[in-house]
Amino acid sequence: MSTTLRQRQTVLTRTVLYGMAILFLAPLVVAVITSIKSPVEITRVLALPTEFYWQNYAAAISRMGRSFLNSIAITVPAVAFSILVGALAGYPLAYMRGSSGKVVYFLLLTGMLVPFQIVQIPLFFLVQRMGLHDTIPGMWMVHTAYAVPFCTFFMRNFFASVPRSMYEAALIDGCGPFLYFWKLLLPASASGLAALAIIQSRAIWNDLLFAITLTASDKARPVTVQIAGFASSLQVEYGPLMAATVISVVPVMAAYLLFQKSFVRGLLGGAGK
Amino acid sequence: MAIQPTRRFSRTDWTHLGFLALPTLLFAVFYIYPVISSIRLSLHSWDGFAPTMRYVGFQNYLSLAQDTRFLGAVRNNVIWVAFMLVVPSGLGLLLAAILDRGIRGERAFRIIFFLPFTIPAVAVAAIWRWMYEPDNGLLTTVLDLVGLGGLAQNWLGDPGVVNYALMGAVAWWTTGFAFLVFFAGLRNVPVECIEAARIEGATPWQVFWKVSFPLLWPSTIIVLGMSAIDAMRLFDVVWATTRGGPAYSSDVLATLTYDLAFGRLEMGRATAVAVYLMAIAAVIIMPYIIYMSRRVQDSEAE
């Protein structure tokens, strides 16, 4: 290939790459800039703010109430529980021989095609009867339960990529299947667990559907429901809304940036199998 | 050991069953029971409060089949599936392929393309309502600036435009996932295969389509499967951005169900919509699930 053609190709791919990067960043940048603009400056969308209008953040925080804390209180334990349950199911399904394991695996996977709308109404009454409506433990339970198909799928594939010889050697050495899981398999799967933790944090922190159905007050309502409430009012004040949006985005984004190495590695082990 | 394990059911098997107990219990209580209960509810007329439900047979299903709002939502859902399978996946593959060629600042680009995927749907809705604001939004402002102001629309207020506007926002939101899975997959392609093809005189274009892409199959299947599942479940972004409006033009089955159940208290009719949704999802996604659970056997046979 001639050098000029290769150069032209490089220019083309560079242009596509930078163009896409601008497209991907622009909405986030505009959101951050809007969140520090005063109401007068907000309509000039391309202008930079002349002052840091912190009142937007004050308004956002007072409107969000304790929903931010609720989101943390819901997400952290629910992520841990859902990964644990996924690992519990994934372990035997990765090692069991014979057809019974395959039937169970298939059944659990069919959960992925169930749209959450079909469970919504019975779920509302079920959670209410358990006395867990509008409570944080209720949200833990629901998020853990609905994560079963995906977390099982993910952990099962990850465990299957751990060499089987390790399992057989451990059993021969007299290490029981339970000890093997706890002492050897889980520590060996740290990167997969981390990747799933990131995926689950995002899914649970970002959830709107279960939260609007199953929470009713400040006691348990997470930040997504709160933002949806004031984003859809007729006269939207974009300054405080963008401030609240920026606040709601930070935790998962930070988690991803912190763990991105193990995330990519875990994704390869789990999803790439 | 005191008890000699029988040949058919060893201690290991019992441990395995013990591990499966909690996940299957959760599955039974939160998937199987509510689905059966919903199918029963869909044959009734009920407002959610009355002590008894009135049995109406298949009437909910029959009347929905002639309801233009329902049919519009079905059509939108099908279009969303097609869109999600093609656009974010294609764009993600393109970006991954470009970045895989070793470009300076690869790490920064990788973060930029993935960032939108980490944010909540309600934040996507809030940000894009501001992008699409008809007078001062970024899109209209930029179009005016480059002299294309005539192309500006009432992005979220025009029934003919709103679905494309939502798709733009969703492409921005979800492309990062496809990108990262493909990128991780490309990193797994053995360098020797690519080198061999290069030495044989293949162009980069040929190397990609003939060597890398076929080896990317595990990534492709994950991306397409997850896209189809997300498209059938699509709710949050649409609800938080438009509530299915204007004039029901951006309704999908999930927003329709929610509105019927919790807005109009027509629980029977709402669950009938959800049953239709599950039936459509089953047709589209079941082959994928069968394929995924079969693949298990293949990988164990290796």
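Start at helices α3 and α6 of chain A, whose crossing is right-handed; a crossing is right-handed if the near helix is turned clockwise from the far one by less than a right angle, and left-handed if anticlockwise. The axes of α3(A) and α6(A) come within 8 Å and cross at roughly 35°. Axes here are lines fitted to C-alpha atoms, for helices over the stretch in contact, with angles from 0 to 180 degrees between N-to-C directions. Helices are DSSP runs of H or I with at least four residues, strands are E runs of at least two, and both are numbered from the N terminus.

The model is predicted: local features need pLDDT of at least 70 and side-chain atom pairs count only at pLDDT 80 or more, while totals for chains, interfaces and linings use all residues. Residues are numbered from 1 along each chain as its sequence is written, and chains are lettered from A and ligands numbered from 1 in the order in which they are written.

**α3(A) against α6(A).** The axes of this pair come within 8 Å. On the α3(A) side, select N70(A), A73(A), I74(A), P77(A), A78(A), F81(A), S82(A) and V85(A); on the α6(A) side, I136(A), M139(A), W140(A), H143(A) and T144(A) make the contact. Residues are in contact if their C-beta atoms, placed from the backbone, lie within 7 Å. By class, nine of the residues in this contact are nonpolar, four polar and none charged (Ala, Val, Leu, Ile, Met, Phe, Trp, Tyr, Cys and Pro are nonpolar; Asp, Glu, Lys and Arg are charged; the others, Gly among them, are polar).

**All of α6(A).** Buried means 20 or more other C-beta atoms within 10 Å of the residue's own, exposed means 12 or fewer, and partly exposed lies in between, with C-beta atoms placed from the backbone. The buried set includes G138(A), W140(A), V142(A) and Y146(A). Among the elements covering these residues are α7 (148–160) and α10 (190–206) of chain A, and also α1 (11–41) of chain B.

**Across to chain B.** Next select α5 (residues 116–129) of chain A and α12 (residues 253–263) of chain B, whose axes come within 9 Å and cross at roughly 20°. That angle makes α5(A) roughly parallel to α12(B) (under 35 degrees is roughly parallel, over 145 roughly antiparallel, 65 to 115 roughly perpendicular, and the rest oblique). The crossing of α5(A) and α12(B) is right-handed. Q117(A), Q120(A) and I121(A) meet A254(B), T257(B), Y258(B) and A261(B).

For the whole interface, 77 residues of chain A are in contact with 79 residues of chain B. The chain A side has 59 nonpolar, 15 polar and three charged residues.

**P88(B).** In chain B, go to P88(B) in helix α3 (residues 68–100). P88(B) is buried, with 26 other C-beta atoms within 10 Å. Leaving out residues up to four places away in sequence, P88(B) touches A171(B), T174(B), T175(B), A178(B) and S227(B).

**Chain A as a whole.** Zoom out to chain A, which has 13 helices and zero strands. The radius of gyration of chain A is 23 Å, well over the 19 Å that the globule rule gives for 273 residues, so chain A is more spread out than a compact globule. The radius is taken over C-alpha atoms, and the rule is 2.2 Å times the number of residues to the power 0.38. The C-alpha trace spans about 75 × 70 × 30 Å along its principal axes. Of the 273 residues of chain A, 49% count as buried.

How values were computed. Contact = placed C-beta atoms within 7 Å.
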